[in-house]
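Here is a note for a colleague who is opening this entry for the first time. Please read the points below alongside the sequence and the coordinates.

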Amino acid sequence: MPVSQSSPYPANAGSAASEQALLDRRARLLGPTYRAFYRNPIHLVRGSGVWLYDAQGRKYLDAYNNVASVGHCHPRVVEALSGQAATLNTHTRYLSEIILDYAEKLLGTLPPHLGHAMFTCTGSEANDLAIRIAQHSSGNTGVIITDFAYHGATIATAQLSPAAVGAKGVPAQHRTVAAPDTLRDGGRAAHDFARNVAAAIEDMRAQGIRPAALLLDSAFSSDGIFFPGATVMREATDHVRKAGGIIVADEVQSGFGRLGQGMWGFANYGLEPDIVTMGKPIGDGHPMGAVIVRPRLVASFGSNTGYFNTFGGNPVAAAVGIAVLDVIEGEGLIENARTVGAYTGELLDALKGRHGMVADVRHNGLYFGVELTAEDEAAAAAKTSSVVEAMREDGVLISSCGPRGNVLKIRPPLPFARDNAEQLAETLDRALSKW
């Protein structure tokens, strides 16, 4: 089946006046809560592979969007989506072979103790459902998260996202712990992570609260991107299990081969989570999410509460999900993440010797955090923002993260190649040289 590349928006329909008109229209129609990237927002009209194109036809190297995990508008994914949409799209209360085919294929990428798949439309919904299951199955209420985590946009997940709501927005029954920062204090925070989790459990107990779950982003993406040692991570999860809680691995950022050592980030630590949540890269841009769970945890939940999602797990989403998994396997994208990721890491590490403001480079597969420093935190954040803006003007898209806003967040689509890595490093070198 041929795939159309046509668009209702002409590729050369942009000008300074029309961009301002779009910004004004956006503000009028969408209100103040929607914020665009960059001081000079980009009017994108097309994507292909690792490239994005604006209304003037300018090409940008996408080194940020993990949503288009196997590349923007991958032909195989687009064909699967359009073919199924032209055949049937309904929900999971009818029998559907393709939904079961997808569940079987997705479960086959995970440890065998995770036996059930529950489908959602977003990672936020997935984390929300995971917490409901954890609280129901354990009979407990408290959740432990890192102190600048982001886990979603529902009421429950926003309250578990200090990056979005601040520490004061986290309800009293939950606890935050310092992320395992591998840079500061000689990496002491990483060494103390398990101890901090144990202390949070004891603090809960003192207040008559019991832990339901430890909710972990395997790459600590919003906290600044860290990859701590496996031993301390296993110790932290052991503390939670002994206290009656369960382990939820949030793989929205680190899953689907991004870390280059297998399909899932939690496996890098040798963890056996009770629940795994997924979103963003699961559908290469199609709105999908999933909760993968130990069967015993949903036995009571299923009979007493039940679960239904009108759009979660629909046949089109299943077709897209199968196509994404087929592309990851068929195009060797996990191996690509490993080899090109290592090469990119070498190029970025070399910049540390060239630019004194580069304090640290943290990387695993095709996930990179470049921490910048200055005379104080405000200056470091300002420099980081300026570097992101300079790279945008030079044709490479990245972002920033961390509680201080001083970590460059680099997370390209998985087909990222060696020449893309060289362009990224050269562009970052020029941006850093401005300081």
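Is N336 buried or exposed? With a relative accessible area of 19%, N336 is buried, where buried means under 20% relative accessible area, exposed means over 50%, and partly exposed lies in between (1.4 Å probe, protein chains only).

1. Basis of the note. This is a predicted model, in which local features need pLDDT of at least 70 and side-chain atom pairs count only at pLDDT 80 or more, while totals for chains, interfaces and linings use all residues. Residues are numbered from 1 along each chain as its sequence is written, and side-chain values use heavy atoms, with hydrogens and water left out.

2. The chain as a whole. The secondary structure of the protein chain comes to 14 helices and 15 strands, these being DSSP runs numbered from the N terminus (helices are H or I with at least four residues, strands are E with at least two). The radius of gyration of the protein chain is 22 Å, close to the 22 Å that the globule rule gives for 435 residues, so the chain is as compact as a globular protein of that length; the radius is taken over C-alpha atoms, and the rule is 2.2 Å times the number of residues to the power 0.38. Along the principal axes, the C-alpha atoms fill a box of roughly 60 × 60 × 45 Å.

3. Of the 435 residues of the protein chain, 52% count as buried. Among contacts with a separation of 6 or more, 73% are accounted for by residues 24 or more positions apart, a contact meaning heavy atoms within 4.5 Å. The accessible surface of the protein chain comes to about 18,700 Å², and 52% of that surface belongs to carbon and sulfur atoms; the areas come from the Shrake-Rupley method with a 1.4 Å probe, and for residues only the protein chains shown count as cover.

4. The buried residues of helix 3 (residues 97-107) are I98, I99, Y102, A103, L106 and L107. They cover an arc of only 165° around the axis, which puts them on the same side of helix 3, the arc being that of the directions from the helix axis to the C-beta atoms. An α-helix has 3.6 residues a turn, so residues three or four places apart point the same way. On the face turned away from the buried side, helix 3 carries the exposed residues E97, L100 and E104. The partners against which the buried residues of helix 3 pack are helix 2 (75-85), strand 4 (116-120), strand 9 (275-278), strand 10 (289-293) and helix 11 (315-330).

5. The loop between strand 3 and helix 2. Which residues deserve a look in this loop? G71 is found in the loop between strand 3 (59-62) and helix 2, and G71 is buried, with a relative accessible area of 1%. Leaving aside residues up to four places away in sequence, G71 touches G49, D284, P413 and P415. N66 lies in the loop between strand 3 and helix 2 and is buried, with a relative accessible area of 1%. With residues up to four places away again not counted, N66 touches V252, Q253, R258, K280, P281 and R411; the C-alpha atoms of N66 and Q253 are 7.4 Å apart in space, although the two residues are 187 residues apart in sequence.6. Backbone angles to check. Most residues other than glycine have a negative phi, and most peptide bonds are trans. C73, which lies in the loop between strand 3 and helix 2, has a positive phi of about 50° although it is not a glycine, and C73 is partly exposed, with a relative accessible area of 42%. Y38 is found in the loop between helix 1 (16-30) and strand 1 (44-48); phi of Y38 is near 75°, a positive value in a residue other than glycine, and at 15% relative accessibility Y38 counts as buried.

6. N336 lies in helix 12 (residues 333-354) and touches G341, L366, L414, P415 and F416, not counting residues up to four places away in sequence. A219 has its place in the loop between strand 7 (211-217) and helix 9 (230-242), where A219 is buried, with a relative accessible area of 0%. Beyond residues up to four places away in sequence, A219 touches I225, F226, F227, S254 and Y367.
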